[in-house]
Structures are given as structure tokens and as C-alpha cells.
Amino acid sequence: MNKKVLVLLIGILLIVSAAIIIMTLKDKKNDNIEKDVKVNDVDSNNDNGSGNLSGNERVLVLYFSMSGNTETVANIIHDELKCDILRLETVKSYKSDYNDLLDEAQEEQKKKARPELKTKINIDDYDTIFLGYPNWWGDMPMPIYTFLDDYDLAGKKIAPFITHGGSGLSNTPKKIKDEEQNATVMEGLAISGTNDKNSKSAIKEWLTKIGY
Ligand SMILES: Cc1cc2nc3c(=O)[nH]c(=O)nc-3n(C[C@H](O)[C@H](O)[C@H](O)COP(=O)(O)O)c2cc1C
């Protein structure tokens, strides 16, 4: 074979080999980019993606709140855990005047009333309920008792949190346990009603303490 032809053939062979190597590397890179996108998609579609929940635990933040303090705490927990959240509402409307509300709540408590709930909960969808309420006369508002009566929480975990004007938890986790003997009632969190907006660090500390 002519020397010139041989050099030409080797040249062509080198160019073709280089082209194949470049194409293969390009394909690999695209593959990796695609994999990255897929992983990110799964994370962003997952409710629990950036929250503190382990994979399978289904958590609901359920709260009763009249003037918004308990709602603020509930929202912080919801933001931390990236879980579901629901406000517990009653069929009846409570008095808007504060003094009237004090009387109304006291009257309900004396009568052991069970105000009917407007909110319906798919309780089977959840393993754990973060249950929030204001301290009313050293106890839970009676709609919380209605909830505990209406729903069977056996086998579930309940994490109670309360907002208050000085009385703290008032032994309410024990009252929940009395109503739901087959549930696991976790250590409760008490947030002073006037401090609710600055309570994020206390809430985070509590979440860590109880395993979230
Ligand atoms: C009817 C009623 C009774 C209350 N009783 C107490 C009480 O016994 N002890 C206490 O510390 N705070 C008491 N408070 C204050 C509330 O617990 C406090 O303001 C709470 O943060 C309100 O929560 P909310 O904004 O989610 O409704 C009472 C408030 C109301 C309306």
C-alpha cells in the first residue's frame, strides 16, 4: 500500500475514534443530568421532602383556635414538618366578645358539653396527630373533647400543644390520655399566648425532643 494512503487511513481512523469517544461521553453526561432531575422531582413532589418526618409517617396538625395564637403555633409546626394541617371548627359560632366568650366556655365546661364539629377528618389517613388548643379555664375547649369522643385514636400518636395566658398545659396531656387510653400521648408543649410569634425556637426544640 502506498505510504500516503496508509497515513490517510490512520488519520480517518483517529478522527472516527475521537468522534465516537466524544459522543459516548456526551450521552453519559445527559444520562446523569436526567438522573439528577428525576431525583429532584421525587423530592419536590414528596410532602415530607424537606420536613423532619421519616418516610412513611402520616402526620396531621389539627388545632382549635379562637383568636389565632394556637393557629400561629400550628402553622409553625406544619411548616417544620411539611405535613397536613386542619382547623377544627364547630357548627355553632362562639361569642366574639371576650367576656361573653369566657362565660360561654365556662358554662360549656360545667355542662360537659360536646359542641358538634363542622370539620370532618379522615382519621384513618394519619398515624400521628399534633393536637393544638388554647387553655380555657384550666382545661381544653370542649370541642377538643368532642373530637376525642367522635374519633377512635387507638394505636395513634398524639402530640399535644397548648397556648395559654399563664396556666401552661394544665395537665391536659393526661386528660387526653384518659380519653384515649390506647393512644400514645407524647410530652406536651405550652406556649404563652403573648409569645406565640417568637416561639419558633421553643417549638423546634420540642419537636426534636419528641423525635421530629
Ligand atoms: C374562654 C377562655 C378561657 C381562658 N382561660 C384561660 C386559663 O384558664 N388559663 C390561661 O392561662 N389562659 C386562659 N385563657 C387565655 C387563652 O388560653 C390564650 O389567650 C390563648 O393563647 C388563646 O388561644 P387562641 O388565640 O388560639 O384562641 C382563656 C381564654 C379564653 C377565651
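**Ground rules.** I number residues from 1 along each chain as its sequence is written. Because the model is predicted, I take local features only at pLDDT of at least 70 and side-chain atom pairs only at pLDDT 80 or more, while totals for chains, interfaces and linings use all residues.

**Confidence.** I looked up pLDDT, the predictor's confidence in each residue from 0 to 100. The chain has a mean of 85, and 82% of its residues reach 70 or more. Residues 24–49 have pLDDT below 50, and beyond near neighbours in sequence this stretch has 7 contacts in the model. I count two residues as in contact if their C-beta atoms, placed from the backbone, lie within 7 Å. Where pLDDT is low, the predicted coordinates should not be read in detail.

**Layout.** I took helices (H or I, at least four residues) and strands (E, at least two) as DSSP runs, numbered from the N terminus. The chain holds 6 helices and 6 strands. Starting at the N terminus, the order I wrote down is α-β-α-β-α-β-α-β-α-β-β-α. For contacts between residues at least 6 apart in sequence, 78% join residues at least 24 apart.

I call a residue buried if 20 or more other C-beta atoms, placed from the backbone, lie within 10 Å of its own, exposed if 12 or fewer, and partly exposed in between. By that count, 26% of the 212 residues are buried. A nonpolar core is a set of buried Ala, Val, Leu, Ile, Met, Phe, Trp, Tyr and Cys residues joined through C-beta atoms within 7 Å. The largest one has 37 residues, and Val61, Leu62, Ile129 and Phe130 touch the most other members. At least two residues of this core come from each of S1 (59–63), H2, S3 (128–134), H4 (142–150), S4 and S6 (189–192). I then checked Val61: leaving aside neighbours within four places in sequence, its contacts include Ala74, Ile77, His78, Phe130 and Gly132.

**Gly193.** I found Gly193 in the loop between S6 and H6 (200–209). Gly193 counts as partly exposed because it has 19 C-beta neighbours inside 10 Å. Beyond four places in sequence, Gly193 is in contact with Asn69, Thr163, His164 and Gly165. Its C-alpha is 8.3 Å from that of Gly166, 27 residues away along the chain.

**Positive phi.** Most residues other than glycine have a negative phi. I noted Trp137, with phi near 50°, in the loop between S3 and H4. Trp137 has 14 C-beta neighbours inside 10 Å, so it is partly exposed. Ser170 has a phi of about 50° and lies in the loop between S4 and H5 (172–179). With 18 C-beta neighbours inside 10 Å, Ser170 is also partly exposed.
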